[in-house]
Amino acid sequence: MQVKIIPFDSKHAQVFKKLNLNWLKRYFYVEEKDKKLLENCQESIIDIGGYIFLAAAEDTGEIVGCFSLIPFGERTFELGKMAVAPAYQGHRIGQRLLSFAIEFALEKRWDAIVLYSSTKLDTALHVYRKFGFKEVALEKKLPYKRSDIKMMLTLT
């Protein structure tokens, strides 16, 4: 399946929320931080210097995947809210989104990308490792209860 990666527009807010709620409810549950980020993604991600990108099917324009990059410190961003619609999983859309995120970060000359995940998500962790992310120590105060692994991709 061919997709093009497009930048967020306010008209995409509901599909961004829906894609993320689908996977959260499938594997975990919706936490307070999820609600904050998804209820008003413009304010909680874009307006603080972050980015949201979406995967649109080239033939129909349907939004089939997404991710965000949220400021995490000076020249480091957190990769989060990455989701692919269930009907489109297995088509390497997540890998295309991740590749785009890394290329974008390199163009911006960021130092690193970090992410939080769960060891329950074997496929996702395999893909992150394939793209060079390495496991790093978790902080004591985690952003999500479901997080039991933190990974980083050093870009410099």
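**Close-up views of a predicted model**

**View 1. Aromatic pairs in the model.** There are 14 aromatic pairs, a pair being rings of Phe, Tyr and Trp (its six-membered ring) with centres within 6.5 Å; planes under 30 degrees apart count as stacked, over 60 as edge-to-face and the rest as tilted. Phe104 and Trp110 form an edge-to-face pair, 5.7 Å centre to centre with 80 degrees between the planes. The structure is a predicted model, in which local features need pLDDT of at least 70 and side-chain atom pairs count only at pLDDT 80 or more, while totals for chains, interfaces and linings use all residues. Residues are numbered from 1 along each chain as its sequence is written, and side-chain values use heavy atoms, with hydrogens and water left out.

**View 2. The aromatic cluster around this pair.** Tyr51, Phe53, Phe67, Phe77, Phe100, Phe104 and Trp110 form one aromatic cluster. Phe104 is buried, with a relative accessible area of 12%, and Trp110 is buried at 7%; buried means under 20% relative accessible area, exposed over 50% and partly exposed in between (1.4 Å probe, protein chains only).

**View 3. Arg146 and two rings.** The charged end of Arg146 sits over the ring of Tyr144, 4.3 Å from its centre. Arg146 also lies over the face of Phe28, at 5.9 Å from the ring centre. A charge sits over a ring if NZ of Lys or CZ of Arg is within 6 Å of the ring centre and within 35 degrees of the ring normal.

**View 4. Buried residues of helix α1.** Among the buried residues of α1 are Phe16, Leu19, Leu21, Trp23 and Leu24. Their cover includes α2 (32-39), α3 (41-44) and β2 (51-57), where contact means heavy atoms within 4.5 Å.

Technical notes. Helix = DSSP H or I, 4+ residues; strand = E, 2+ residues; numbered from the N terminus.
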